[in-house]
Each structure stands twice: as structure tokens, then as C-alpha cells.
Amino acid sequence: MSISGVDSSGTTSQSQSDQSDQSVNESSKAASNDSDQLSTNIRLESQYCAANYSPLPVVLSRGEGVYVWDENDRRYLDMMSAYSAVSHGHCNPRLVKALQDQAAVLGVVSRAFFSEGLGTFLQKACAMTGYQQALPMNTGAEAVETALKAARKWAYQKKGVADNKAEIIVCENNFHGRTIAVVGMSSEPQYRDGFGPFPAGVTIIPYADAAALEAAITDNTAAFLVEPIQGEGGILIPPQGYLAECARLCKKHNVLLICDEVQTGLGRTGKLLACEHDGVKPDGVILGKALGGGLLPVSLFLADDEVMSVFTPGDHGSTFGGYPLAARVGLEALRIIEDDGLTENSATLGDYFLEQLRAISHPSITDVRGKGLFIGVELDPKIISARTFCEMLMEEGILSKDTHHTVARFAPPLVINKEQLDWAIEKIKLTFERLD
Ligand SMILES: *Cc1c(COP(=O)(O)O)cnc(C)c1O
């Protein structure tokens with residue numbers, strides 16, 4: 001059964017007037033070669049939700065820890081973790097309690113007022129990452145936009161760049177989110193096509209090439225924005241020392257180094273921040289995804305006073321950014337990372353997982369790479385597409401998602417234990433055997 005099959009049958013079978021679920025299901029079923037009755041949830045989502053995704057044909061209805069269950073109560077081990085937003089595991093009890101407790105007391109007030117808990121949350125985030133201040137937003141893309149605004153204003157106010165001349169350097173194959181300014185920095189045609197015009201002042205250089213960075217820096221360069229590991233780009237890991245060299249060059253030329261750790265941060269790669277692998281403290285760091293504990297969108301841009309002081313009241317904001325519910329859940333998410341040793345677990349089990357995956361010998365595997373529980377298996381598209389491989393994994397009870405067509409991603413919640421991981425490794429091996 002394919003989602004495009006659902007789309008066409010749903011569209012052709014439905015008239016303008018209402019039809020009963022029963023009749024739509026029957027016509028969908030008739031149009032599909034699959035003998036399963038199409039899920040009402042798939043049918044409705046396909047019909048009413050804009051088609052900006054192409055989900056695997058499974059309907060998830062509940063989750064607990066590393067597992068999710070579909071509407072037929074079939075269990076899957078989640079190797080996708082909502083692009084690392086679910087590092088704490090699904091419905092982590094401490095986070096659910098924090099959310100419920102706070103929701104019963106105070107939810108949203110806006111930053112027009114001080115609110116109990118926001119300061120404590122940001123103090124914790126600053127203490128853990130070593131920055132002086134943080135600006136709270138909701139989604140990762142908003143925090144990236146915040147970083148860009150900070151960098152530009154810093155360039156005008158502190159570096160002395162002429163008005164409207166500030167430049168940002170980014171890398172080919174980057175992923176920083178989906179807003180217009182952010183896709184304007186993308187090198188991926190599909191992310192950009194049809195969405196222009198884009199803001200000016202962006203230079204794109206090859207990833208993992210420090211010499212290209214130095215060559216691209218001009219007197220107007222405000223910042224170099226980079227992912228320590230390119231996640232959506234295919235779990236691409238630059239050579240050891242790359243980020244350290246970038247940091248040196250940025251310092252030399254008075255350019256801000258800003259690391260987008262929305263996906264790599266908060267323990268995912270076996271360090272709290274992935275830039276620690278290279279001993280680097282960037283001028284600014286962007287966090288999101290796991291910061292919301294798998295329950296809410298919570299993001300931050302973190303920096304020291306030198307950068308953050310460019311913001312004055314009214315410059316920038318968000319109705320929900322740092323709202324009491326987010327602050328409470330974000331604080332608990334950070335505490336759990338420490339209390340439960342999630343970063344250490346990611347390092348230890350990540351090494352083990354990588355070793356086990358590398359031991360699988362199959363002609364379709366062209367590369368296995370990763371850091372911590374952030375692993376990509378590159379597949380030869382002439383043998384199997386990553387999408388088909390992920391569909392086969394799903395049949396074995398493992399949910400994953402291809403990235404960049406040829407890479408199967410393995411990024412389970414960081415609360416996973418060795419027994420659960422060993423079960424997954426057996427299923428992954430079995431899937432490769434089934435390919436033969
Ligand atoms: C997911 C992601 C973003 C965007 O986060 P959203 O919450 O989807 O806006 C930005 N940067 C990186 C590296 C990401 O992986």
C-alpha cells in the first residue's frame with residue numbers, strides 16, 4: 001500500500017458532498033492492491049493534511065520509552081525519535097508530570113510579564129552549556145532566525161559593518177529549518193524551489209572545508225553558521241579538528257561562530273554539545289528538539305553578553321517563547337539529561353551500536369558512520385533505496401526514516417538500554433538477510 005494510492009483513491013472517490021466513512025473506505029480499498037482495509041486515520045490525514053510529507057504507512061497512537069504502538073497495537077522500537085526530539089523517550093513520566101503540574105497552575109502569559117520558572121530554566125541551560133544568556137523561542141527554525149538576527153545586529157553594532165551589508169556564511173547541504181530566510185540559505189533545490197525571493201547576504205561554502213571558510217570571509221562577514229554534524233544532510237561527520245579550525249579562523253577574522261545543535265545537541269552525539277568533540281565553544285549555540293522533552297516545541301539561542309546585548313526590548317520576540325509550560329518542561333528535560341546520564345548512555349551504547357552495525361557485511365552497505373546514538377547507514381541505491389529499507393525495517397518492528405534518499409538513520413531515544421538495542425540489532429541484521 002502506498003500513500004499516493006491513498007491520495008488518488010480518496011480524491012477520485014469523494015464527491016463534494018459528504019460520504020460515509022464506510023463507502024470511502026470501500027472505494028479506497030477497491031482502488032488499492034492491498035488487501036488491508038485502509039486506516040481511517042491515513043485516509044483523513046491524506047485528505048485533509050497538506051501533502052508536505054510522505055509518511056510511512058503506519059498510524060501511531062501511543063508511546064512509552066523507546067517504543068511506540070500503532071492503532072492495531074503493534075509495537076515498534078523508535079529509531080527515529082522525531083528527529084531527536086524524543087531523546088528522553090516517549091511520555092517520559094517525569095516530563096509528563098512536570099507538564100501536567102505546570103498546566104494546572106499557569107500555562108501562557110507572554111513575555112509582557114515576568115513568569116515563575118523562566119529564569120530557573122534559562123539559568124540551568126546557561127550553566128550546562130557555559131553561556132551567559134539565552135533567548136527562548138519555540139521551534140528550531142525560530143531559534144536559527146534569532147541567531148541570524150543576533151549575528152547581523154552584532155555585525156552592525158559591534159563589528160562596524162555598513163548598514164545592510166552583513167553576510168552570513170553557511171555550508172552546502174545544510175539543514176537549519178524551513179522558514180523563508182532559512183531555506184534561502186539552503187543548497188537543496190527542493191527546499192528552495194518556488195519559495196523565492198530570499199534575503200540577500202548569504203554565502204554557501206562546501207562543508208568540512210576550513211580553507212573554503214577562510215576564503216569566503218570578507219570584512220562584512222557577521223557569522224559562520226554550521227552544524228557540527230549534518231543530520232538531515234545524511235549524518236555527515238566532518239574530520240576531527242574541522243570545527244576547531246573554523247573556530248580559530250572565525251576568531252582571527254572577528255566572525256561569530258554559531259553552531260546549530262538543534263539535532264546534535266543535548267547528548268545525542270555522546271557529548272552534551274557535539275562541538276565538544278572538537279573542544280570548541282562557539283560564540284552562539286542553537287538548541288531545540290530534545291529541549292522540549294518530546295512534549296513541546298522549546299528552543300533557545302545561547303550566547304554571551306557580547307552578542308546577546310544587541311537585543312533591546314521590542315527588537316525580537318515570540319508570543320510563546322519561554323512560556324511557563326515550556327520553561328517547566330525544558331528545565332525538567334535538562335535535569336533528566338544529567339540525572340539519568342543520557343549523554344553517557346549515548347556515548348557508550350552509540351559506540352557499541354556502531355561497532356555492531358559495522359560488523360554487518362552486506363553488499364548494499366556503502367558506509368556506516370555516527371557519533372553516539374546518531375548513526376547513519378549509507379545504502380547503495382542500485383541495490384535498495386533507503387526508503388524501501390526503512391519500510392522493511394518497519395515490518396520487523398523498527399521505525400526509522402531515510403535521510404537524503406540513501407541513508408537509513410538510527411537515532412533511538414537516549415534512554416534506550418542494551419537489551420533493547422540488542423533486539424534492534426538482531427532485527428536490522430534480519431532485514432539485511434531478507435534483502436538477499
Ligand atoms: C530540525 C532542525 C532544525 C529546525 O527545527 P524545527 O523545530 O523543525 O524548526 C534546525 N536545525 C537543525 C540542525 C535541525 O535538525
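This report describes the overall build of a predicted model and then some of its salt bridges, individual residues and backbone features.

The model is predicted, so local features need pLDDT of at least 70 and side-chain atom pairs count only at pLDDT 80 or more, while totals for chains, interfaces and linings use all residues. Residues are numbered from 1 along each chain as its sequence is written, and side-chain values use heavy atoms, with hydrogens and water left out.

## The chain as a whole

The chain contains 16 helices and 15 strands. Helices (H or I, at least four residues) and strands (E, at least two) are DSSP runs, numbered from the N terminus. The chain is as compact as a globular protein of its length, because its radius of gyration of 23 Å is close to the 22 Å that the globule rule gives for 436 residues. The radius of gyration is taken over C-alpha atoms, and the globule rule is 2.2 Å times the number of residues to the power 0.38. Along the principal axes, the C-alpha atoms fill a box of roughly 65 × 50 × 45 Å.

Of the 436 residues in the chain, 52% are buried. Here buried means under 20% relative accessible area, exposed means over 50%, and partly exposed lies in between (1.4 Å probe, protein chains only).

A contact means heavy atoms within 4.5 Å. Among contacts between residues at least 6 apart in sequence, 71% join residues at least 24 apart.

## Charges and salt bridges

The chain carries 37 positive and 55 negative side chains, and the centres of the two sets lie 4 Å apart. Lys and Arg count as positive and Asp and Glu as negative, while His and the chain ends are not counted. The place of a charge is taken as NZ of Lys, CZ of Arg, CG of Asp or CD of Glu.

The structure holds 21 salt bridges. A salt bridge is a side-chain nitrogen of Lys or Arg within 4 Å of a carboxyl oxygen of Asp or Glu. The table gives examples.

| Salt bridge | N to O distance |
|---|---|
| Asp339 and Arg94 | 3.0 Å |
| Arg248 and Glu245 | 2.9 Å |
| Arg335 and Glu332 | 3.9 Å |

Asp339 is exposed at 51% relative accessibility, and Arg94 is partly exposed at 31%.

Arg248 and Glu245 are three residues apart in helix α11 (residues 242-252), so about one helical turn separates them. Both are partly exposed: Arg248 has a relative accessibility of 44% and Glu245 one of 28%.

Arg335 and Glu332 both lie in helix α13, three residues apart, or about one turn of the helix. Arg335 is partly exposed at 32%, whereas Glu332 is buried at 8%. Salt bridges that share partners join Arg94, Arg328, Glu332, Arg335 and Asp339 into one network.

Thr343 belongs to helix α14 (residues 342-358) and is buried, with 10% relative accessibility. Not counting residues up to four places away in sequence, Thr343 touches Gly267, Gly270, Lys271, Leu272 and Ile337.

Thr366 is part of strand β11 (residues 365-370) and is partly exposed at 48% relative accessibility. Apart from its neighbours within four places in sequence, Thr366 is in contact with Glu378, Leu379 and Asp380. Thr366 and Ser309 are 57 residues apart along the chain, and their C-alpha atoms are separated by 47 Å.

## Backbone features

Gly196 and Pro197 are joined by a cis peptide bond, with omega about 0°. Pro197 sits in the loop between α9 (189-192) and β6 (202-205).

Ala82 is not a glycine but has a positive phi, near 50°. Ala82 lies in helix α4 (residues 81-84) and is partly exposed, with a relative accessible area of 36%.

Ile235, also not a glycine, has a positive phi of about 55°. Ile235 is in the loop between β7 (221-226) and α11, and is buried with a relative accessible area of 0%.
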